[in-house]
Amino acid sequence: MASWQSRLTALFLRLAVKRPLDPYADPAVMRARVNRMAGRLNAKAPWIRTSPVSANGVPGEWIYGPSIDAVPDGATPQRSRKILLYLHGGGYVVCSPATHRLMVARMCREAGFDALLIDYRLAPEHPFPAAVEDAEAAYRWLLASGYAASDIVVAGDSAGGGLTLSLLLSLREAGMPMPAGAALLSPWTDLALTGLTMLTKAKADPMLRLDSAALATRHYLQATSPTHPIASPLHACLDGLPPLLVQVGSEEILLDDSRRLVAKALTAGVDASLEIWPGMMHVFQAFPKMPESGHAITRIGRFLKMRADAANNSAPTSLAAPVSEAAE
């Protein structure tokens with residue numbers, strides 16, 4: 001049963017976020033509003049330490065993990081040998097490092113890693129494949145900076161989860177070394193919007209709307225087909241991808257995006273695990289007051305550390321049983 005904190009959060013989201021979207025709204029205005037809301041949340045976490053970075057020309061920031069606690073104020077931290085490359089969500093239209101800083105910092109503390117959180121280009125000003133190009137540029141920059149692929153893990157939420165898969169597919173096509181693993185939080189994998197839960201969970205979902213997803217798709221894809229295999233990874237061949245952990249809430253319209261993705265990945269021989277969290281909304285991991293959020297972040301941190309350790313032949317290779325394998 002969902003906690004009272006999660007039920008209260010869902011009510012707030014239903015009132016404050018789940019509104020009809022103005023198709024003519026200025027994306028810059030929407031971004032500013034989202035960043036202001038997230039800024040208030042991040043302001044309550046003074047322990048987070050960051051520094052700006054340019055990764056092959058892609059702006060972003062380093063988020064430092066537990067090792068930062070031993071660094072005096074004003075000193076430059078020594079980065080961890082193992083790195084999380086994080087790709088934020090936001091429908092490819094909104095959000096930034098500012099909106100995701102707290103959640104990524106919590107993952108860093110659990111995994112013992114530092115993170116590179118990039119500010120990839122957004123639509124409609126920069127449609128597909130701009131975001132994929134920026135993600136790949138950042139990954140190549142990490143390799144050029146001396147990080148081994150086996151010491152890099154990737155994660156992303158919502159559109160960032162889809163972008164994580166797009167990055168993996170692009171790396172595979174280019175013959176690049178793969179990261180040790182990837183964690184996907186409520187990933188948006190089907191931009192054709194064909195999942196049955198787009199309809200069956202429309203009332204239950206306290207955050208997302210089908211019309212909003214359709215508008216984001218138009219902004220991002222423009223002249224590109226919604227079944228393009230890199231833009232819409234559910235429609236790609238998934239052979240050769242690294243191990244995946246997928247977490248999704250049972251009450252979101254993107255539930256089938258995760259179910260179908262993991263089923264297809266397993267058929268392709270990919271080591272993929274699906275966790276369906278009962279009663280949870282889209283990217284519930286972002287709300288630190290919810291106990292379910294903390295439990296999920298702990299599992300993500302365990303998975304990321306396990307994958308990086310396993311890639312370096314120093315740890316077991318499987319998580320405990322998923323929290324839930326059925327939506328209800």
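In helix 1, the residues Ser6, Thr9, Ala10, Leu13 and Ala16 are buried. Seen down the axis of helix 1, these buried residues fall within an arc of 145°, so they line one face of the helix. The model described here is predicted. The chain contains 9 helices and 8 strands, and buried residues make up 57% of its 328 residues.

**Helix 1**

- Helix 1 covers residues 4-16 and has 13 residues.
- From its first C-alpha to its last, helix 1 reaches 18 Å, which is close to the 18 Å expected at 1.5 Å a residue.
- On the other side of helix 1, Trp4, Leu8 and Leu15 are exposed.
- An α-helix has 3.6 residues a turn, so residues three or four places apart point the same way.

**The chain as a whole**

- Of the contacts in the chain with a separation of 6 or more, 78% are accounted for by residues 24 or more positions apart.
- The accessible surface of the chain comes to about 13300 Å².
- Carbon and sulfur atoms hold 58% of that accessible surface.

**Cis peptide bonds**

- The peptide bond from Ala123 to Pro124 is cis, and its omega is near 5°.
- Pro124 has its place in the loop between strand 4 (114-118) and helix 4 (130-144).
- A cis peptide bond also runs from Phe128 to Pro129, with omega near 15°.
- Pro129 is likewise found in the loop between strand 4 and helix 4.

**Positive phi at residues other than glycine**

- Tyr92 is not a glycine, although its phi is positive, at about 65°.
- The loop between strand 3 (83-87) and helix 3 (97-111) is where Tyr92 is found.
- The relative accessibility of Tyr92 is 1%; because buried means under 20% relative accessible area, Tyr92 counts as buried.
- Ser158 has a positive phi of about 55° and is not a glycine.
- Ser158 is found in the loop between strand 5 (152-157) and helix 5 (159-173).
- With a relative accessibility of 10%, Ser158 counts as buried.

Key
Residues numbered from 1 in each chain as written. Predicted model: local features only at pLDDT ≥ 70, side-chain atom pairs only at ≥ 80, totals over all residues. Heavy atoms only, no water. Helix = DSSP H or I, 4+ residues; strand = E, 2+ residues; numbered from the N terminus. Expected span 1.5 Å × (residues − 1). Buried < 20%, exposed > 50% of the residue type's maximum accessible area, 1.4 Å probe, protein only. Arc of directions from axis to C-beta. Contact = heavy atoms within 4.5 Å. Areas by Shrake-Rupley, 256 points an atom, 1.4 Å probe, with all protein chains shown as cover.
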